[in-house]
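Please keep the sequence and the structure in view while reading.

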Amino acid sequence: MTTMQETSTASGARMTLAHHILASQRQHPRARGELSVVLLQLAFAGKIFSHAIRRAAFTGQLGATGERNVQDEATKKLDVFGNQTIIEAFARNELVAAIVSEEMDEPRQIACGTRASYVLCVDPLDGSSNADVNGVVATIFGVYQPKREAGTAATVQRLQSGRDQVAAGYIMYGPSTVFVYTTGSGVHGFTLDHDIGEFLLTHPDIRCPPQGPYYSANLANVPEWNHQTQAYVGQLARGADRSYSLRYSGALVADLHRSLIEGGVYLYPADQRHPDGKLRLAYECAPLAFVVEHAGGAATTGTSTVLDVPFHSIHQRVPFAAGSRDDVAILERLSRDDH
Ligand code: FBP
């Protein structure tokens, strides 16, 4: 019987995502398989979206729709396509009760999902400012299992915090398409082999180095940051014992993936235009914090771990810093100093 630790099957072929998910499901004797199918449906949506992104210049899918979303951001055609692809992947199966998305003002209740245990929170197209310039973009997902009485539905209103997640990850559309996920037993990465249409295991058991050589932040906002954050980035840039290199791609997932693999920290602190931070808790920060924590890293708002921030609205924003735990700890220490 194949275990999660093995990276290839007896025949030496690379392990598929489906194989890996089923192997991890076997580690949960009470598992009924729904979570496995939710993850496989997300991978399916990722394959469709990857194909559409690669062909967007030919199919007229580049550019804006002319509309603005609930965040008052210009909506890209790929934002809409990505959102629709996720909804269609779950609209006719009883896997999730509702979908919360960056592109929808209100949660989408799934009619046939009343008996479903899960609520899916997604950012269909992270890094949307990269979409029309062939930059890296991604889909972020968090699968939540809100606490509920037996026989009652899993509702968005029952979501309490990022700790309600049972799985999270992202699909990164870059030079290759990569699916990274965790269900709490390690973080694993799969690369899409476009020739056979399968996600194959290429990054088993990702461990985030405790300290890294990179930091990612929009330094144009430095004047608007509080002095602890300014001091922090100053320390990273001109550290006494080591200096960090700046890498900022405009796509949260691309920058955080680098920190996860090679070490470092991504931050989007509060600033005058975003007094609560820019990034959204339920479908950007909490899913990525779940991944980073299970890879041995850390994620903070500066004053609290991201996964312990109570939810009060589906589009709430938080200041966010995540990546190598020693680097994140420095920010937390600095942030505490003046409080
Ligand atoms: P979207 O999900 O709307 O793309 O917003 C998030 C994001 O684009 C991150 O991916 C990125 O790190 C950040 O916002 C860029 O913001 P800014 O342009 O202010 O630096």
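How many Å separate a polar side-chain atom of Tyr248 from an oxygen atom of the ligand? In this predicted model, the distance is 2.6 Å.

## Ligand surroundings

There are 18 residues around the ligand, and those that come nearest are Asp126, Gly127, Tyr248, Leu252 and Tyr268. For the side chain of Tyr266, the corresponding distance from an N or O atom to a ligand oxygen atom is 2.8 Å. The ligand on its own exposes 470 Å², of which the protein buries 88%.

Eight strands form an open sheet with mixed pairing, in the order 4-3-5-6-7-8-9-10. Strand 4 (108-109) and strand 10 (198-203) are at the edges; each has a single partner strand, so one side of each has no neighbour in the sheet.

Strand 3 (residues 96-101) runs antiparallel to strand 4, and two bridges join them. Within this pair, Ile99 has Arg108 of strand 4 as its bridge partner.

## Helices on the sheet

Helix 2 (residues 34-54) packs on the sheet and touches strand 3, strand 5 (118-126), strand 6 (137-144), strand 7 (165-173), strand 8 (177-182), strand 9 (187-193) and strand 10. The direction of helix 2 makes about 15 degrees with that of strand 7.

Helix 7 (residues 281-294) also packs on the sheet, with contacts to strand 3, strand 5, strand 6, strand 7, strand 8 and strand 9. The direction of helix 7 makes about 100 degrees with that of strand 7.

Key:
Residues are numbered from 1 along each chain as its sequence is written. This is a predicted model: local features need pLDDT of at least 70, side-chain atom pairs count only at pLDDT 80 or more; totals for chains, interfaces and linings use all residues. Side-chain values use heavy atoms; hydrogens and water are left out. Two strands pair if DSSP finds at least two bridges between them. Helices (H or I, at least four residues) and strands (E, at least two) are DSSP runs, numbered from the N terminus. Contact means heavy atoms within 4.5 Å. Axes are lines fitted to C-alpha atoms, for helices over the stretch in contact, and angles run from 0 to 180 degrees between N-to-C directions. A residue is near a molecule or strand if one of its heavy atoms lies within 4 Å of it. A polar contact is a pair of N or O atoms within 3.5 Å; within protein, one must be able to donate a hydrogen and the other to accept it, and residues adjacent in sequence count only if both atoms are side-chain atoms. Accessible areas come from the Shrake-Rupley method with a 1.4 Å probe; for residues, only the protein chains shown count as cover.
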